[in-house]
Amino acid sequence: MNLSVGIVGLPNVGKSTLFNALLKKQAALAANYPFATIEPNTGIVPVPDERLTKLSEITKDEEGMAELPPIKSALIEFVDIAGLVKGASIGEGLGNKFLSHIREVKVIAHVVRVFEDADIIKEGAVDPKSDYETIRYELMLSDMQTLENINEKSLKLDKVKGSAVAKLKMVLSGGQSVASANLTPEEYESIKELNLLSQKEEIIVLNVTEDDYSESKMKEIISTYSKLLEFDESQFVVISAKIESELASLNPEEQKEYLSELGVEKSGLERLIQKAYEKLGLISYLTCGETEVKAWTIKNGSNAVEAAGEIHTDFMQRFIKAEVVSYDDFVTLGGWKGARAQGKARMEGRDYVMQDGDVVEFKIGR
């Protein structure tokens with residue numbers, strides 16, 4: 001499953017500082033995830049999930065283990081997409097290389113700086129609204145070029161795709177987003193292979209100063225910029241790239257203490273990672289045992305057989321049942337034994353729709 005997020009933004013908006021903080025998180029994974037060391041512009045980091053720590057503690061007690069079983073978090077990939085400047089769609093900056101990178105990711109994390117700093121040269125950036133619109137415009141221009149390159153004869157043969165392309169050209173040429181095209185489900189399906197850039201899910205990352213990094217101020221900032229950019233507040237995450245860089249150099253306990261002093265519950269990176277996970281339409285189910293406690297990533301709406309296939313594809317063919325307990329019941333009743341004794345462990349069939357936080361033990365035949 002491609003859990004990839006592309007970080008974009010004009011020069012000097014804090015994009016690289018944010019990505020470097022992500023790389024420090026990746027470095028901490030090296031022992032458990034040796035494959036995490038990949039391309040320099042790519043970082044694989046864990047999806048924060050406090051439930052795993054609790055499950056590890058419960059498993060240790062229930063199994064009478066001397067040590068806590070290891071935790072394996074769900075993972076998400078971030079790609080630092082360089083070369084984004086005005087004119088990228090016609091080859092400025094890294095031009096087409098930038099566009100090919102962004103085409104490969106599932107979600108765009110668009111970083112804009114919402115503060116002035118005399119020591120930072122903006123290099124073309126003007127203000128959050130125009131900075132955001134500059135990048136959106138480049139994506140739309142690139143999509144328009146993609147549509148123009150489609151063979152006209154093929155569109156005449158495929159009436160559904162032809163209708164979709166005509167609608168998309170109309171809205172893009174008018175400076176409107178792809179979402180404004182009001183495509184039918186059939187039309188949407190016909191153009192999925194085009195992988196249009198301006199159609200991707202998006203998170204707007206507002207980079208603020210340390211002085212604005214508090215729960216109350218962040219809410220005000222999101223409210224202000226959601227109105228300015230005309231997006232729902234759920235599209236936004238507030239970070240302070242400078243603070244994230246400082247946090248990345250601290251151990252977990254020091255991080256908690258620092259965040260507590262700031263009056264912030266979770267770091268910006270944690271909130272960004274969780275938001276990206278949501279935007280990808282993903283949930284996690286959990287497994288626990290003496291070997292490991294692990295979060296498994298599945299699409300929201302997946303059934304039990306599909307979930308079993310994430311562990312091993314053979315499990316889909318050999319699936320018998322799934323024993324399922326909600327996370328809350330599992331914790332309250334102290335693990336599998338208590339949940340079974342209280343009738344909270346259910347046997348579910350192959351069509352059971354998995355819920356986020358389900359604690360599962362699959363029954364697999366030979």
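1. Before anything else, a word on terms: contact here means heavy atoms within 4.5 Å. Helices (H or I, at least four residues) and strands (E, at least two) are DSSP runs, numbered from the N terminus. Axes are lines fitted to C-alpha atoms, for helices over the stretch in contact, and angles run from 0 to 180 degrees between N-to-C directions. With that in hand, helix α8 (residues 215-229) lies across β6 and β7, and runs at about 135 degrees to β7.

2. Keep in mind that this is a predicted model, where local features need pLDDT of at least 70 and side-chain atom pairs count only at pLDDT 80 or more, while totals for chains, interfaces and linings use all residues. Residues are numbered from 1 along each chain as its sequence is written, and side-chain values use heavy atoms, with hydrogens and water left out.

3. Now the sheet. It is open, with 6 strands in the order β2-β4-β1-β5-β6-β7 and mixed pairing (two strands pair if DSSP finds at least two bridges between them). At the edges sit β2 (42-46) and β7 (236-239), each pairing on one side only. From one strand to the next, the twist averages 25 degrees.

4. Have a look at β5 (residues 107-113) and β6 (residues 201-207): they pair in the parallel sense over 7 bridges. R113 stands opposite N207 in β6.

5. On to the aromatics. Rings of Phe, Tyr and Trp (its six-membered ring) pair if their centres lie within 6.5 Å; planes under 30 degrees apart count as stacked, over 60 as edge-to-face and the rest as tilted. That rule gives 5 aromatic pairs. In one of them, Y132 and F231 have ring centres 5.7 Å apart and planes at 80 degrees, so the pair is edge-to-face. Y132 belongs to helix α4 (residues 128-148) and F231 to the loop between α8 and β7, so the pair ties together parts that are 99 residues apart in sequence.

6. How buried are these rings? Y132 is buried, at 5% relative accessible area, while F231 is partly exposed, at 28% (buried means under 20%, exposed over 50%, partly exposed in between; 1.4 Å probe, protein chains only).

7. F330 and W336 are another edge-to-face pair, because their ring centres are 5.5 Å apart and their planes at 85 degrees. F330 is buried at 0% relative accessibility, and W336 is buried at 7%.

8. Lastly, Y285, W296, F319 and F362 form one aromatic cluster. The charged end of K294 sits over the ring of W296, 4.0 Å from its centre (the rule asks for NZ of Lys or CZ of Arg within 6 Å of the ring centre and within 35 degrees of the ring normal).
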